[in-house]
Every structure is written in structure tokens, then in C-alpha cells.
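Biologist: Please take a close look at one part of this model, the place where the two chains meet. Build up to it from the chain itself, and then follow the charged pairs.

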Amino acid sequence: MIDIRVVDCHKSYGQVRILRDISLDIERGEFIVLLGPSGCGKSTLLHIIAGLEPLTSGSIEIGGRDVTDLEPKDRDIAMVFQSYALYPTMSVRANMEFGLRMRGRPLAEIRAVVEEKAKMLGIDHLLDRRPSQLSGGQRQRVAIGRAVVREPRVFLFDEPLSNLDAKLRGSMRTEIKKLHRRLGTTVIYVTHDQLEAMTLATRLVVMKAGVMQQVGTPDEVYHRPLNRFTADFLGSPGMNFLDAVLRLAEGRVWAEVGRTVIPLDRYAFIERPVDGRPVVLGLRPDSIRPADGAEAAFTLDLKATLIEHTGSENHVVFDLDGREVTGKFPAEFGLEVGRTLPVAFDLARLSLFDTETELRI
Amino acid sequence: MPGTFEPLIPRPRRRIFLRRTERFAARFAVYLCLVIVTGFFLAPLWVLLVTSFKPLDEIRAGGLLDLPIAFTLDPWIKAWGEACIGITCGGLKGYFGNSLMVTVPAVLASVTIGAINGYALSKWPFPGARFVFAAVVAGNFIPYQVILAPLAQTLRITGLFGSIEGLVLIHAIYGIPITTMLFRNFFLSVPDDLIKAARIDGAGFFWILFRVVLPMSPSVIVVAAIIQFTGIWNDYLFAVSFANSQNAPMTVALNNLVNSNFGVREYNVHMAATFIAAIPTLVIYVFLGRFFLRGMAAGAVKG
């Protein structure tokens with residue numbers, strides 16, 4: 001069942017076009033993450049869905065209802081802000097009660113719901129405090145609590161974890177995921193943090209300059225990026241991009257990278273390969289590993305030129321005919337700069353892009 | 001300086017001692033200055049007070065700054081209830097009431113409307129909001145002399161000329177530019193996310209103003225109220241131009257009392273009357289002054 005439908009949504013401020021041609025169907029219970037660099041329009045899209053900003057053209061449906069011209073309060077949504085946006089002069093309890101009071105629910109019911117949700121979020125001991133007396137993590141929890149008490153059809157999260165320190169961000173991320181699993185409510189979540197996006201999303205929407213680049217499960221987007229931007233934006237260290245030329249020989253397709261020739265038997269071409277076509281070959285560092293000899297993988301002897309230790313793994317830069325290629329090696333793999341060793345390439349996970357359009361081919 | 005650093009050698013004890021006395025001397029100089037300035041500004045008030053408790057012959061004997069020898073409350077009683085103003089001899093008490101009836105509603109109206117305007121201009125931007133704000137700011141710079149004649153005309157047409165209601169209307173309207181500006185500038189510092197959160201929670205324009213925004217803004221409310229109260233209470237020009245004699249506020253009555261040309265000049269009564277006229281503004285400053293300073297400081301930083 002489709003819960004939210006965004007149809008041909010455009011947004012401009014004067015001459016500046018913020019969003020172009022956004023169309024998106026969201027199923028009930030999905031966790032949609034809008035991901036992109038700052039200024040890509042992801043927050044604007046969220047605000048439009050919330051009804052806080054008008055569209056230039058297009059329409060929004062929530063729960064089968066056209067809500068394009070409805071006020072935020074009539075859209076059956078709740079939102080959590082990056083700045084928490086707690087009412088500073090009210091207690092935590094009053095903050096959580098505010099939305100229900102505005103809707104004129106009976107006081108006894110409000111009290112009960114707030115108590116219950118506060119207990120669920122582990123903030124019931126904070127109910128009589130002011131927001132200024134809370135830590136960042138507690139404030140975020142209250143902000144989520146304020147959204148949860150209303151039991152809305154959709155939760156909107158606008159970079160909710162960006163103001164927290166790294167450790168707290170990790171644990172709050174897990175909690176949001178658990179919360180989504182427990183409540184089963186549809187979520188739209190905006191972030192520029194790819195780790196949050198990959199771990200939380202059931203589907204990911206990658207955006208750039210107001211245009212949707214790709215919609216898919218985190219796995220799809222990570223392993224089958226539809227264009228070079230998406231490929232580059234996800235993953236750390238970033239994907240290796242190598243200029244190559246397609247070759248058709250002996251009934252097989254090859255990619256020629258300098259003097260090295262890589263077989264593309266396992267690549268699912270979208271377009272029919274043409275001999276001599278210049279392409280960009282993309283390989284994730286995760287697909288470049290030490291060869292263990294047993295597998296029938298594609299192997300090259302390469303020289304290590306730089307090693308970065310991250311603790312859990314090493315990022316090793318190799319020289320491939322004068323081009324740099326980064327691979328992820330286990331930390332316990334003994335290696336020093338300058339050594340040449342056999343390196344295995346997982347060619348099932350490779351991507352090819354057009355040099356001009358940068359689209360997957 | 002990059003690349004160089006001072007070696008960490010402890011300074012001799014003596015230096016520290018010297019620095020301490022220097023600092024003490026500086027502090028002393030500052031306080032001395034403050035005491036002198038305070039004395040300078042308080043001196044008229046002192047003269048006012050001591051004179052108001054002296055009988056007339058003691059005043060004629062001189063000794064402007066001296067305490068009263070034969071302490072008397074008569075001048076106060078006379079100023080409040082018996083002094084002749086114009087042709088009636090009922091003291092200031094009626095005019096004090098007039099002033100309150102002009103000032104209180106006008107302050108409430110101009111502060112309330114200013115808050116709503118400032119909130120709309122800063123948090124609910126509409127096309128042309130900048131122009132409207134610029135026009136409101138320009139309203140602060142209109143000299144009152146320019147508008148006296150048109151105002152008189154307007155009041156005559158509406159039938160409010162000479163009445164207290166007319167003065168309330170004028171003061172309320174001419175307070176709006178400054179209060180709008182104060183509130184608008186203060187509300188700029190209220191995060192937009194709060195407004196958005198409240199909208200999603202289901203609160204409308206006025207609910208958000210009264211439940212979320214105004215509770216965050218006691219200092220600016222006090223600043224606006226003080227500015228308006230003192231301005232309207234102390235106004236003479238509008239009062240003398242538009243109020244008839246029985247609706248005149250304190251300022252006009254005080255002037256009539258002090259400048260009357262009959263009989264002896266009762267300085268003690270004049271002083272008492274002046275002090276009575278100043279009491280409400282003094283009280284307001286004493287009780288709300290702390291908020292006033294805080295509000296002014298906040299405005300100064302956020303501008």
C-alpha cells in the first residue's frame with residue numbers, strides 16, 4: 001500500500017531551481033533516507049512533504065489524500081528537527097503534551113499517552129525538567145518523544161543526529177532503527193551521513209542539485225550505482241575510477257586499462273558493448289583484496305605505494321600502470337610499502353560509466 | 001608571533017604586588033567617577049525631595065541642599081488635593097487618574113500590536129515584508145510637530161478631540177513603530193524551527209505567538225512597556241494640543257500649576273507635585289529595570 005506519493009514536484013526560489021521533477025512512491029512502513037551533499041534540496045523536499053514550504057508545481061499525497069494545499073497539522077505527520085526545536089519555556093511533559101492539547105484530546109488520555117511513550121523512550125524521569133537542563137542526547141530523545149506521542153502516519157526526521165557527538169550518534173541511530181521496527185510507521189529521514197543512510201534505510205534516495213540520482217535499497221545503490229556521482233558519494237574510501245577502453249575479442253568483452261586487460265564476462269551491461277568505446281571503470285576498495293591463491297579470481301601483481309592504518313583494516317594504495325588504486329586489506333595482513341604482491345579483484349562488483357554522461361552502461 | 005616564544009621565567013614577586021596596588025587604584029578611580037556622576041544626576045532629585053518637605057519660609061532662607069528643619073507634609077497634601085490648577089482647586093489627583101487612563105491602555109495596545117507586527121514580520125514573511133518593515137522604521141523618524149495639524153483634523157472628524165480616548169488612540173498608533181521594531185528584531189533570534197515544530201503540532205499564528213514565542217521574550221516585553229510607559233506618561237505635546245482642560249494628564253496639569261501667575265510661588269508644592277508626577281516612571285524603573293538592562297543588552301548583541 002502506498003503511503004506517500006510525491007508527484008512531479010518542482011520548487012524554485014525566484015530564478016533558482018531547488019528541486020526538479022521529483023516523483024517518489026513510498027510504501028507503508030518504509031524507512032526512506034534522503035541522502036546527498038549539503039544544498040542538494042533534500043531538506044527542502046522534506047519540508048515540502050511536511051507542508052512547511054509550498055511547492056512551485058506538483059502534488060503530495062499522504063495516505064491516499066491529496067495534501068498539497070493542507071497545513072502541516074492536517075497532514076498526519078510529525079517531525080524531528082536537527083536543532084531539536086523543543087519549546088524552551090515548557091517542561092518536557094508540556095513539550096510532549098503540546099501537540100495533543102492543540103488537537104483537543106481529553107486531558108486524561110494525554111497524560112496516559114505521554115507517560116507511556118516517555119517510559120518507552122526512557123525519559124519518564126525527565127518529564128518535569130526544562131529542555132535547557134537536558135543533555136544533547138536527552139533533548140533528541142524528547143524531540144522524538146514529542147513526535148511519537150501523536151502516533152502520526154509518517155515520521156519526518158531532518159538530520160536528527162547531526163548535533164550529537166560521534167559515540168552518541170551511533171547509539172541513537174540504533175535506537176531509531178529499533179523504534180521504527182517496533183512502531184512500523186513510515187519514516188522519511190534526511191541526512192548527509194552515508195553511514196546513517198546505509199544502516200537505517202530500507203530504501204535510499206540519492207540527490208544532487210535538486211535532482212534524484214538513484215532510488216534503491218542501500219545494497220543496490222552501493223553495489224549498482226546508476227551514475228558516477230552516486231558511486232563516488234557512497235563508500236569510504238571512495239570508489240576507484242579508472243579510464244578504460246572497451247574491447248571485443250574472442251567473443252568476450254574486455255576493459256583495457258593502460259597495458260592491463262580486465263575481463264568483463266560477469267558484468268551485466270545495460271547497453272550493448274561497442275569495441276573501442278571509452279569508459280570509466282569503477283571498483284570499490286572492498287573488491288580489492290589480497291589474493292589467497294585458492295579462488296579463481298582475477299589477480300594482478302601490484303606494488304603497494306602507501307598504507308593507511310585505520311585500526312580495523314588497512315587502506316592500501318597500489319600502482320596500476322601509473323594509476324592509483326586503493327584496496328581494503330585486513331589489519332593483520334603483514335605488508336610494507338614498496339612490496340609487490342598478488343592482488344585479487346572481485347569483478348562481479350564492478351561498475352562501468354560513460355565518460356561523457358557519467359551514467360552506468 | 002609564529003616561530004618565537006617567550007621563555008617561561010617567573011616574574012619577581014614585587015612586580016605582582018605592584019600590579020595589585022595598581023589594579024586597586026584603577027578600580028578606586030572607576031568607582032570615584034561613578035559616585036561623582038551618580039551624585040550629579042541625583043542632585044536635582046535630592047533638591048526636589050528636601051524642598052518638598054520644607055515650609056515656604058525655610059525655602060526663602062536658602063540652603064537649597066539642606067534637610068528640612070521643620071519637616072512638613074502639607075505641600076504634598078496640597079499638591080495632591082488642594083492646589084489650584086486653572087480655575088479649579090482640586091489638586092493633581094484628578095489629572096493623575098487622567099494620565100493613568102491614557103497611559104495604561106495606550107501602553108497595552110501599542111505593546112500588543114507591536115508584538116503581533118514584529119512576529120508577523122520576522123516569522124511569517126510575506127511578499128513585501130521588507131518594504132513594510134522599512135516603512136514602519138521610517139515611522140520612528142516622523143517629527144511630531146509635522147503631524148499635529150492633520151491629527152487635530154482627524155480627531156475633530158472622529159469626534160475624539162479633547163477626549164482621553166483620542167489621546168489613547170494617538171499614543172497607541174505612534175507607539176507602534178518603535179514597539180514593532182523592538183519585537184521584530186528580538187524575534188529574529190527565535191529559531192524558525194520552533195515555529196515549524198509548533199505548526200506541525202497544530203498551533204496557529206496566535207497560539208504560537210502567545211504559547212511559544214512570547215514566553216521566551218519577557219525582556220523585550222518589559223523594554224517595550226517601559227519605553228512606551230515613560231514616553232506616554234511624560235508626553236506633553238500631544239496632551240497640551242489635544243486634551244481639553246478636564247481631560248488633561250499630569251504633565252499639562254503640572255505645567256499649569258507651576259506656571260500660574262497668581263499669588264506667591266509655592267516652591268514646596270511645586271516640588272511635591274513634580275515628584276508625584278514622576279513616581280509612576282520611577283516605580284516602573286525600580287521594579288522592572290533589571291529586565292530593561294537585560295533586554296537592552298540582548299538587543300545590542302543581536303541588533
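Modeller: Start with the surface. The accessible surface of chain B comes to about 17,800 Å², and carbon and sulfur atoms hold 70% of that area. Accessible areas here come from the Shrake-Rupley method with a 1.4 Å probe, and for residues only the protein chains shown count as cover.

A word on the ground rules. This is a predicted model, in which local features need pLDDT of at least 70, side-chain atom pairs count only at pLDDT 80 or more, and totals for chains, interfaces and linings use all residues. Residues are numbered from 1 along each chain as its sequence is written, chains are lettered from A and ligands numbered from 1 in the order in which they are written, and side-chain values use heavy atoms, with hydrogens and water left out.

Chain B has 13 helices and zero strands. Helices (H or I, at least four residues) and strands (E, at least two) are DSSP runs, numbered from the N terminus. Of the 303 residues in chain B, 39% are buried. Buried means under 20% relative accessible area, exposed means over 50%, and partly exposed lies in between (1.4 Å probe, protein chains only). Take contacts in chain B between residues at least 6 apart in sequence: 69% of them join residues at least 24 apart. Contact means heavy atoms within 4.5 Å.

Now the interface. Here 15 residues of chain B are in contact with 24 residues of chain A. The two chains bury about 1,700 Å² between them, and 64% of this is on carbon and sulfur atoms. Buried area is the accessible area (1.4 Å probe) that two parts lose on being put together, summed over both. Three residues stand out: B:Arg199, B:Ile200 and B:Asp201 supply 41% of the area that chain B buries against chain A, more than any other three residues.

The rule finds two salt bridges between chain B and chain A. A salt bridge is a side-chain nitrogen of Lys or Arg within 4 Å of a carboxyl oxygen of Asp or Glu. One of them joins B:Asp201 to A:Arg150, with the closest N and O atoms 3.0 Å apart.

Which helices of chain B supply at least two residues each to the side that touches chain A? They are H8 (192-201) and H9 (205-213). H8(B) gives the largest share, eight residues. By class, this side of chain B has nine nonpolar, one polar and five charged residues. Ala, Val, Leu, Ile, Met, Phe, Trp, Tyr, Cys and Pro count as nonpolar, Asp, Glu, Lys and Arg as charged, and the others, Gly among them, as polar.

Salt bridges also occur inside chain A. Over all chains, the structure holds 27. In one, the side chains of A:Glu30 and A:Arg203 meet at 2.7 Å, N to O. This pair links distant parts of the chain, 173 residues apart. A:Glu30 sits in the loop between strands S2 (16-27) and S3 (31-35) of chain A, and A:Arg203 is in strand S9 (residues 203-208) of chain A. A:Glu30 counts as buried at 11% relative accessibility, whereas A:Arg203 is partly exposed at 22%.

Another salt bridge joins A:Glu159 and A:Lys42, with the closest N and O atoms 3.9 Å apart. A:Glu159 counts as buried at 9% relative accessibility, and A:Lys42 counts as buried at 4%.
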